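Here's a quick briefing to read alongside the model. Have the viewer open and follow along.

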Amino acid sequence: MPDEDGVISAIKACLGDKAATYAANKHRGGTNGAKGTRYEDFFLAVRVAEAAVGVVDNPRAEWPHIRGQCYGFVDDARVATSTHTEYYQLKNKETVNWTTGAHSIAADFEFQYKLATYLKEPTPTTGLVVSIKAQHQSLLGSVPASIAPHSSVYYFPWLSTPNRLVLESPDLQECLKKLAKVEEPTLDVLSGVFGLLLIACIEYPDGASVEEIVARACRLIPGQLRRLPATEDREQQLTQPFRLVLSQIRGLSYGVKRGYFHWAAFGTSGVFGWDCTSKEFTEFQELIIKNAPKTFEEFEQLLP
């Protein structure tokens, strides 16, 4: 997408000066309003989680670019790849309809589609996101014909904290499970994963690729997210001398899952706190090789 000046020029060219003035006022109001609510932030973080899971499921998938409060008419969120461009307007309020007001939602959607088409953005779509289930059904059944080919309605609940959103959203839990570093994460772990993605999203007010956001999350608090792209079960990440020492410890089983070193023995198990590409894990391997523990008790004493 062009920068702000480029978008303004495009709006003037394809929709006129009045539309450009309206877009500027709308953007200013949306930016100020975002300070008072986290609804948009939660929505963006969920979209980041969904996109990251898409790459887990298909490592060849493209990382989308995600931004909140973009310049335009449908401006609360933008998700873009080389093949599609999605715009979302979020309405966390009791009353929402398509046609009320001097600048209705339907008119905004029509303007945004025309602008995206003028900018030659691939396959643009517009989406209305509401926080009340009954609204979702009503609005979905009454999409104006002028925008129906490119518009839809989505339900996204408003819950006051990230923790509540995770605890009360089974679909989000299933999504986050694929991003945790362990295969059977607790709800506390899932809340930690989501909170970390949320913080990382907020650090990119001008948007970023999901790959950048996930990488930032991993730098903020190492050892919370799985390695992406997926690298689990690749024991080549363990050096041959390290594996040789471990193979001689009776009762110890080990492996690499989701990019992290796992071990188990005599009813206990654990996961190393840093992923297998980290300097901390390299140093741990060197420590094990140097000390060459012969029993699980000796190995356990060398764990951080």
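Let's start with arginine 258, which sits in the loop between β7 (253-257) and β8 (260-265); helices (H or I, at least four residues) and strands (E, at least two) are DSSP runs, numbered from the N terminus. Keep in mind that this is a predicted model, where local features need pLDDT of at least 70, side-chain atom pairs count only at pLDDT 80 or more, and totals for chains, interfaces and linings use all residues. Residues are numbered from 1 along each chain as its sequence is written, and side-chain values use heavy atoms, with hydrogens and water left out.

**Loop residues with positive phi**
- Arginine 258 isn't a glycine, yet has a positive phi of about 55 degrees.
- At 12% relative accessibility, arginine 258 counts as buried (under 20% relative accessible area; exposed is over 50%, partly exposed in between, with a 1.4 Å probe and protein chains only).
- Glutamine 69, also not a glycine, has a positive phi of about 50 degrees.
- You'll find glutamine 69 in the loop between β1 (65-68) and β2 (77-80), buried with a relative accessible area of 13%.

**The sheet**
- Strands β7, β8 and β9 line up in that order as an open, three-stranded sheet with antiparallel pairing (two strands pair if DSSP finds at least two bridges between them).
- β7 and β9 are the edge strands with a single partner each, so one side of each has no neighbour in the sheet.
- From one strand to the next, the twist averages 15 degrees.
- Five bridges link β7 and β8 in the antiparallel sense, and tyrosine 254 has tryptophan 263 in β8 as its bridge partner.

**Aspartate 275**
- Aspartate 275 lies in the loop between β9 (268-271) and α11 (279-291), and is buried at 13% relative accessible area.
- Its side chain makes a polar contact with the side chain of threonine 277 (2.4 Å). A polar contact is a pair of N or O atoms within 3.5 Å; within protein, one must be able to donate a hydrogen and the other to accept it, and residues adjacent in sequence count only if both atoms are side-chain atoms.
- Leaving aside neighbours within four places in sequence, aspartate 275 is in contact (heavy atoms within 4.5 Å) with Arg227, Gly259, Tyr260 and Phe281.

Methods:
Axes fitted to C-alpha atoms, helices over the stretch in contact; angles between N-to-C directions.
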